[in-house]
Amino acid sequence: MTEAIIRQVRAEDAAELAALWHRVFDDPEELALAFLSLLPSLGGGVCAEEDGKLLGAAYTVTDYTLGEKRAAYLYAIGVLPEARGRGLGKRLTKEAAALGRALGADFVCTLPANAPLYPWYEEQIGVRCALYRGEERVQSRPGPEARPLSPEAYGLRREELLRGRAHVTVGPAALCYEKENCRCFGGDLYALGNAIAAASVDEGETCIRELLAPPGADLKTLAAALGDRLGTEQALLLLPADQGRPYLAADVPLPAELIWDLTLD
């Protein structure tokens with residue numbers, strides 16, 4: 001048995017990477033294949049290979065911009081159960097961050113899966129919690145009609161609604177994957193009148209990852225309508241907050257008012 005090497009992912013790895021993704025995260029392989037098909041427009045990836053078998057992978061999404069600065073968002077970092085405890089996660093994380101820099105990113109960030117991982121990521125790549133989220137649950141009820149939007153239309157409306165506010169611009173490849181990710185879990189990118197939302201179903205409730213509306217709009221009414229549209233009893237609305245649920249970790253300070261709701265999770 002040779003020592004595992006870390007290398008960049010290749011197009012011919014897609015089927016094995018999708019199977020690995022499914023085993024680690026329990027997502028459908030079709031979702032992983034959709035992500036992989038968007039590389040390199042979406043970013044890049046690295047994998048751990050030993051004796052011709054892939055043991056883990058990590059990806060860096062570079063299709064986000066904050067003003068003139070480009071982000072490297074580390075995503076879907078995972079190692080097969082039988083290969084854990086060998087430091088592969090650390091190596092993959094560091095190599096994915098380095099790849100993001102090599103692809104032109106100005107800063108590195110990620111969304112740890114749970115609270116204990118924030119100090120772990122800080123130790124490995126120097127990121128710390130920079131943004132928080134608030135949570136509010138509403139009972140689903142009929143309201144404004146929610147109509148699916150194309151990624152292109154969603155992106156245009158998003159920029160219009162966020163004009164003059166501190167926000168991250170989500171590129172076309174990332175928006176394409178956001179739509180596939182939402183659709184894979186019973187949701188979509190939606191328009192509700194002049195508002196837009198990205199939502200899916202998670203453990204029996206509607207999870208609203210982003211909800212943007214003109215000033216004066218009642219977000220709770222819109223969230224309730226999305227819950228009704230997705231057929232759940234309640235909806236979880238996630239919004240930027242000064243404190244609350246730890247959210248994005250970055251290796252640079254980020255404005256507290258920054259709107260970056262779409263992080264693929």
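## Helix α5

In helix α5 (residues 151-161), five named residues are buried: Pro151, Tyr154, Gly155, Arg158 and Leu161. They sit on the same side of α5, because they cover an arc of only 130° around the axis. The arc is taken from the directions that run from the helix axis to the C-beta atoms. Buried means under 20% relative accessible area, exposed means over 50%, and partly exposed lies in between (1.4 Å probe, protein chains only). Helices are DSSP runs of H or I with at least four residues, strands are runs of E with at least two, and both are numbered from the N terminus.

This is a predicted model, in which local features need pLDDT of at least 70 and side-chain atom pairs count only at pLDDT 80 or more, while totals for chains, interfaces and linings use all residues. Residues are numbered from 1 along each chain as its sequence is written, and side-chain values use heavy atoms, with hydrogens and water left out.

What lies on the face of α5 turned away from its buried side? That face carries the exposed residues Glu152, Leu156 and Glu160. The cover over the buried residues of α5 includes β10 (169-170), α6 (172-184), β11 (188-192), β12 (195-202) and β13 (205-212). Contact here means heavy atoms within 4.5 Å.

Strands of a sheet pair through backbone hydrogen bonds, either parallel or antiparallel. An open sheet of 7 strands runs in the order β9-β11-β12-β13-β14-β8-β15, and its pairing is mixed. The edges are β9 (147-148) and β15 (245-246); each has a single partner strand, so one side of each has no neighbour in the sheet. Two strands pair if DSSP finds at least two bridges between them.

β11 and β12 are antiparallel partners, with 5 bridges. Leucine 192 has alanine 195 in β12 as its bridge partner.

How many residues of strand β2 (residues 43-50) are buried? The count is 8 of its 8 residues. Both faces are covered. Gly43, Gly45, Cys47 and Glu49 are buried on one side, and Gly44, Val46, Ala48 and Glu50 on the other.

Strand β1 (residues 5-8) runs antiparallel to β2, joined by 4 bridges. Isoleucine 5 stands opposite glutamate 49 in β2. Strand β3 (residues 53-61) also pairs with β2 in the antiparallel sense, over 8 bridges. There, valine 46 has alanine 58 in β3 as its bridge partner. The hairpin of β2 and β3 has 2 residues between the strands, and aspartate 51 takes a positive phi near 50°.

## Pocket and cavity

Rolling a probe the size of a water molecule over the atoms shows where empty space is left. On a 1 Å grid over the protein atoms alone, a cavity is a set of points where a 1.4 Å probe fits but cannot get out; a pocket is an open set with protein on both sides within 12 Å along at least five of seven lines; lining residues have an atom within 4 Å of a point. Grid points are joined across faces, edges and corners, and a volume is the space filled by probe spheres set on the points.

The largest pocket has a volume of about 1,400 Å³. Its lining has 48 residues, and Phe25, Leu111, Pro112, Ala113 and Asp265 lie nearest its centre. Strand β5 (residues 69-79) gives the most to this lining, with 7 residues.

There is 1 cavity of 30 Å³ or more. The largest cavity holds about 50 Å³ of space. Its lining residues include Leu131, Tyr132, Arg133, Trp260 and Asp261. β8 (132-139) and β14 (234-241) are the elements that give two or more residues to this lining.
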